[in-house]
Each structure stands twice: as structure tokens, then as C-alpha cells.
Amino acid sequence: MSSTTVNLAAQTLATIRTQVSPYLPPPVLSLMETIDTAIYENLGQQEEGFMFLFVTFLVIFVLQRLIASLASSRSRSSASTDDDAVISGIAQDTRNNTATKQHYKTVLLCGPVGAGKTMLFHRVTSSNDGTAMQMTMTLSSMIAAQGTYVSNANGEDSNAKDVHVHIVDYPGHARLRSSLLSNAVIGSGTGQSQLSLSLSGIIFVLDSTRPNMAESADLLYDVLLQIQRTRPIARIKAKASFRVLICCNKSDMKLAKNEKRIQLQLKTELNRLRGTRGAIESTDNGLSGSTSRSADSNNASVLGKPGVPLDWSMDGGMPCEVSFVSCSCLDDNYDGLKGVRDFIEGVC
């Protein structure tokens, strides 16, 4: 770097320093002078040593953030691609196992991040009594997992017929919600996969220690609405083939809410969301010039029956049978896991 360029940079930094110095507290000004003196004594830099050092670190910081941002973008793209691949792999696995009569039905675990889905997944796929599995810490994942629940896995009843159920643990990250709600996973009709065809129940896992149920209610609303859109109630009633279990996980902890309180909070949030989203859609329809909407269109966009407050029954607007259970994946003395296993066996 030429001396002319260095002098020009020093003049620019001196100008900046002169402009900002009146706004800096005395301790900062004293520190700047100390650093200037130290740099002059050790490196021979006569002018604006502090400012040169500050700008150098600033440039390094900006470059570091830029590199981190680019790496994060690549990671998100890779995670999305991997997730699509895993969904395809799960669908392929379901198709193969259906053909060989190993899996007859599929149960999907879903819910917000940190609710304990993966731990519950390991508890129900490792052994029926849950005691054989060593407790390990789990991390939030961007990849769906799959396993098999086997009833009578320990051979306690020699006359009982084993029931195999395909279990899918779907990540709770918000970026993967669109894939969860697609016809390849929950829905039916165009784009429906073998996974969706075999899906007979959903276990919605939430953290009962969280003070606010808004996040859980928002995702639950979307899940129930997708069921309503793609799985007509008449078909569900006729076949009695689709159910949702809301699993209030971590119920053994001191700050956990009881099941009835969670039911009330979720119902309140669902009714609030229905009113808010309905009002937004009505506004959008008004702006677009739409003046009429059929009942089918309304049912496809708003959860439940128009004008009827949501309740936890099919007559109260639920698109399928919805039940609750309090659960703990860490306390073997807590009987909530039995309710989860009963639900899984009940879908067959």
C-alpha cells in the first residue's frame, strides 16, 4: 500500500474521529488515546492507531458475518432437499412394507420444536413397556425419522396377534411446516403419497410446561384444517379410520399444566385463530371483488362449522375424533405412555 493511500486513509479516519469524539464519554476517549500511544510506541504508527485497529476489526467482523450468512443459506437449502428426500424415502418404505404386510397403518408424530417428539418416538418404537430403553438426550432435528411399533413385542400374550404400526417422527421446525401440511404427508387427493394413504392417526405432541400455548395452537389449527380440507368427515365417520391424540408431554414436571387447563387454553386459542384468519380472508375476498362463497369453500378455509364455537368433538367442529393424554417420557411410573400405546393400537 502506497504512502499516499495510507495518508489519505489516516486523514479520513481523523475526520471521522473528530466528528464522533464529542459524543463519546471520557473513558472511551481516554482508552483511544492509550491505544494510540501503545501502537505508536510498539509499531511506529504515528496517526490514528486506534481508528486503524477499529476499522480492521470491523472489516473482519463484517466478512465473518457474510460467510456465516452464506453458510446458513446453503444449510437451509440442503436441509430442505434432505427433508424432501426423507419424505420420499419414508413413502417408499411404507409402500414396500405395505406390500409385504409388515406395516398396515401409519401414525404421525408432530408438534412444535422442543415438545419431546423424538423422545416419545424412541419410547414407543424401542419396547412396549419403555423400561428397556436407556434415556438419552435428544436434539432438534431437521430430518424426519421412522420406526415400527409392535404390540405384544415382549410376547406376554402368546395368543395375541402382533400389530405392526409404522411411526413417523416429523420435525417441528417452522420451515418444514409446508411439507408437513402437504398431500404427501397429511393430506389426500392430488399429490397423495403412500405415506398419506396409510396415515390413520396423528399424535400431536406439546410441552405442557410452556406458559403460552399460542405456538402449539397455531400449528394444531393448521393440522386440523388440513384434515378438514382433505379428509371429509363423512368418510372418517364411515370408516372410523382417522383420529388425533393431543399428547401433553412433560406432565411430570413441576411447572406442567394439567390436561383440562391445556384443553381450555388450546380451545380458546383455536377460536381466536379462527376469528382472526376468517376476518383476514374476508378482507382479502373483499379486496379481490369476491362477493359470494360456497359452504364447501368456507369449510375449506375456516376450521369447524361457521358460527359455531369450536369444541373437542366432531359435533363441535373437529374434523375427526380428538382426544387428550398427559404423558411423561422420563418417568416410568407415569401411566401416560400407556395411553399413547393404546391410541397407536387403536388405529389398526
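These are my notebook entries on a predicted model of one protein chain.

**Entry 1: overall make-up**

I began with the inventory. The protein chain has 11 helices and six strands. I then looked up burial. Of the 348 residues in the chain, 39% are buried. Next I checked how far apart in sequence the contacting residues lie. Among contacts with a separation of 6 or more, 73% join residues 24 or more positions apart.

**Entry 2: the sheet**

I traced the strand order. Six strands form an open sheet, in the order β2-β3-β1-β4-β5-β6. The pairing is mixed. At the edges I found β2 (145–150) and β6 (321–326), each pairing on one side only. Neighbouring strands are turned by 25° against each other on average, with direction ignored.

**Entry 3: strand pairs**

- β1 (residues 105–110) runs parallel to β3 (residues 164–169), with five bridges between them. Here T106 sits opposite H166 of β3.
- β4 and β5 are parallel as well, joined by seven bridges. F204 faces I246 of β5 across this pair.
- β5 and β6 also run parallel, over six bridges. I noted S326 in β6 as the bridge partner of C248.

**Entry 4: strand β5**

How many of the residues of β5 are buried? I counted seven of seven, so I logged the strand as mostly covered, taking buried as under 20% relative accessible area. One side carries R243, L245, C247 and N249. The other carries V244, I246 and C248. Both faces are covered, and every one of these residues is buried. I marked the charged residue R243 in that list, since Arg counts as charged.

**Entry 5: helix α4**

α4 (residues 117–126) touches β1, β2, β3, β4 (199–207) and β5 (243–249). Its direction makes about 35° with that of β2. Which residues of α4 are buried? I listed K117, M119, L120, F121, R123 and V124. These buried residues pack against β1, β2, β3, β4, β5 and α11.

**Entry 6: α4 against α11**

I followed that last contact. α11 covers residues 336–346, and its axis lies 11 Å from that of α4. The packing angle is about 70°. The two helices are therefore roughly perpendicular to each other. The crossing of α4 past α11 is right-handed.

I then wrote down the residues that meet. From α4 they are L120, R123 and V124. From α11 they are L337, V340, R341 and I344. By class, this contact has five nonpolar residues, two charged and no polar ones. As a reminder to myself, an α-helix has 3.6 residues a turn, so residues three or four places apart point the same way.

**Entry 7: helix α7 and Q226**

My last stop was α7 (residues 214–230). This helix lies across β1, β4, β5 and β6. Relative to β4, α7 runs at about 170°. Within α7 I picked out Q226. Is Q226 buried or exposed? Q226 is buried, because its relative accessible area is 9%, and the cut-off is under 20%. L181 is 45 residues from Q226 along the chain, yet the two C-alpha atoms are 6.5 Å apart in space.

Notes: Residues numbered from 1 in each chain as written. Predicted model: local features only at pLDDT ≥ 70, side-chain atom pairs only at ≥ 80, totals over all residues. Heavy atoms only, no water. Pairing = 2+ DSSP bridges. Helix = DSSP H or I, 4+ residues; strand = E, 2+ residues; numbered from the N terminus. Axes fitted to C-alpha atoms, helices over the stretch in contact; angles between N-to-C directions. Contact = heavy atoms within 4.5 Å. Parallel < 35°, antiparallel > 145°, perpendicular 65-115°, else oblique. Left-handed = near helix turned anticlockwise from the far one by under 90°. Buried < 20%, exposed > 50% of the residue type's maximum accessible area, 1.4 Å probe, protein only.
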